[in-house]
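Take them in order, with the model open beside you.

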Amino acid sequence: AGAIAAMGATAAAAIGVKGVQAASAFGLQMAEVATLTNLSVAEQEKLEKGVRSLSVQFGAASEELTGGLYQALSAGVPKDNAIDFLSVASMAAQAGVTDVKTAVDGISSVINAFGMDASQAEEVADSLFTTVRGGKTTFAELAANIGKVAPLASAAGVSMDQMNALLVQMTKRGLSTEEATTALK
């Protein structure tokens, strides 16, 4: 009985140490996020609360979400819209079977290329996912390559949906996503 109690205490201590380590890591990650903007204490707390809420909502690790938040803010998503944007990216990541940072990258690349507002993230995510569903590509492949073609498509007057429709057709006919974006460029 004494040995079992000792093992239980050891396991509880290990869980406690992991909890402290996770809280410490989250604090460091949020401090990194804060370096991108001049956040007040209230704004920092609001972002932290939002990340924790999304972590529960999507079952995503806070480390993954803070990485996505950092990427979103770095890409120009306003801090007031960052949690909503991160929520859309988290949904896109789950639907597209990828990580949040990758989803943020793809969505923000299109938003920036087409001069869209960060509040249009859901529209962009839906269009990208439609491309994945209709073509032979993955969300991760699309996110990694969309930046090659989106700025040029926008400059040429090609809409986001037209660009994505072309990518669907090109990948369905056998081009890889990388080849299709390069050819379209």
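1. A question to begin with: in the protein chain, what share of the contacts with a separation of 6 or more comes from residues 24 or more positions apart? The answer is 60%. Please keep in mind as you read on that this is a predicted model.

2. Now for the overall make-up. The protein chain has 9 helices and 0 strands, so from the N terminus the order of elements reads α-α-α-α-α-α-α-α-α. Of the 185 residues in the chain, 40% are buried.

3. Next, have a look at the inside. The largest nonpolar core contains 48 residues, and Leu69, Phe85, Ile107, Phe114 and Ile146 are the ones with the most contacts within it. At least two residues of this core come from each of H1 (2–34), H2 (41–58), H3 (62–74), H4 (82–95), H5 (100–113), H6 (121–134), H7 (139–155) and H8 (160–172). H4 gives the largest share, with 8 residues.

4. Leaving aside residues up to four places away in sequence, Leu69 touches Met30, Val33, Leu47, Val51, Ala82 and Leu86.

5. Leu69 also takes part in the packing of H3 against H4, where Leu65, Gly68, Leu69, Ala72 and Leu73 of H3 meet Ala82, Phe85, Leu86 and Ser90 of H4. The axes of H3 and H4 come within 10 Å and cross at roughly 120°. An angle from 65 to 115 degrees would count as roughly perpendicular and one over 145 as roughly antiparallel, so H3 and H4 are oblique to each other. Their crossing is right-handed.

6. Then turn to H6 and H7, whose axes come within 9 Å and cross at roughly 120°. The crossing of H6 and H7 is right-handed. On the H6 side, the contact involves Ala125, Leu128, Phe129, Thr131 and Val132, and on the H7 side Phe139, Leu142 and Ile146.

7. How many salt bridges does the structure hold? There are 2. One of them joins the side chains of Lys79 and Glu43, at 3.5 Å from N to O. Because Lys79 sits in the loop between H3 and H4 while Glu43 belongs to helix H2, this pair ties together parts that are 36 residues apart in sequence. Lys79 counts as partly exposed at 28% relative accessibility, and Glu43 counts as partly exposed at 25%.

8. Another salt bridge pairs Lys148 with Glu178, with the closest N and O atoms 3.6 Å apart. Lys148 lies in helix H7 and Glu178 in helix H9 (residues 177–184), so the pair ties together parts that are 30 residues apart in sequence. Lys148 is partly exposed, at 27% relative accessibility. Glu178 is partly exposed as well, with a relative accessible area of 48%; the cut-off for exposed is over 50%.

9. Finally, one backbone detail to check. Most residues other than glycine have a negative phi. Val97, though, has a positive phi, near 50°. You will find Val97 in the loop between H4 and H5. Is Val97 buried or exposed? With a relative accessibility of 75%, Val97 counts as exposed.

Note on methods. Residues are numbered from 1 along each chain as its sequence is written. This is a predicted model: local features need pLDDT of at least 70, side-chain atom pairs count only at pLDDT 80 or more; totals for chains, interfaces and linings use all residues. Side-chain values use heavy atoms; hydrogens and water are left out. A nonpolar core is a set of buried Ala, Val, Leu, Ile, Met, Phe, Trp, Tyr and Cys residues joined through side-chain atoms within 4.5 Å. Buried means under 20% relative accessible area, exposed over 50%, partly exposed in between (1.4 Å probe, protein chains only). Helices (H or I, at least four residues) and strands (E, at least two) are DSSP runs, numbered from the N terminus. Contact means heavy atoms within 4.5 Å. A salt bridge is a side-chain nitrogen of Lys or Arg within 4 Å of a carboxyl oxygen of Asp or Glu. Axes are lines fitted to C-alpha atoms, for helices over the stretch in contact, and angles run from 0 to 180 degrees between N-to-C directions. Angles under 35 degrees count as roughly parallel, over 145 as roughly antiparallel, 65 to 115 as roughly perpendicular and the rest as oblique. A crossing is left-handed if the near helix is turned anticlockwise from the far one by less than a right angle, and right-handed if clockwise.
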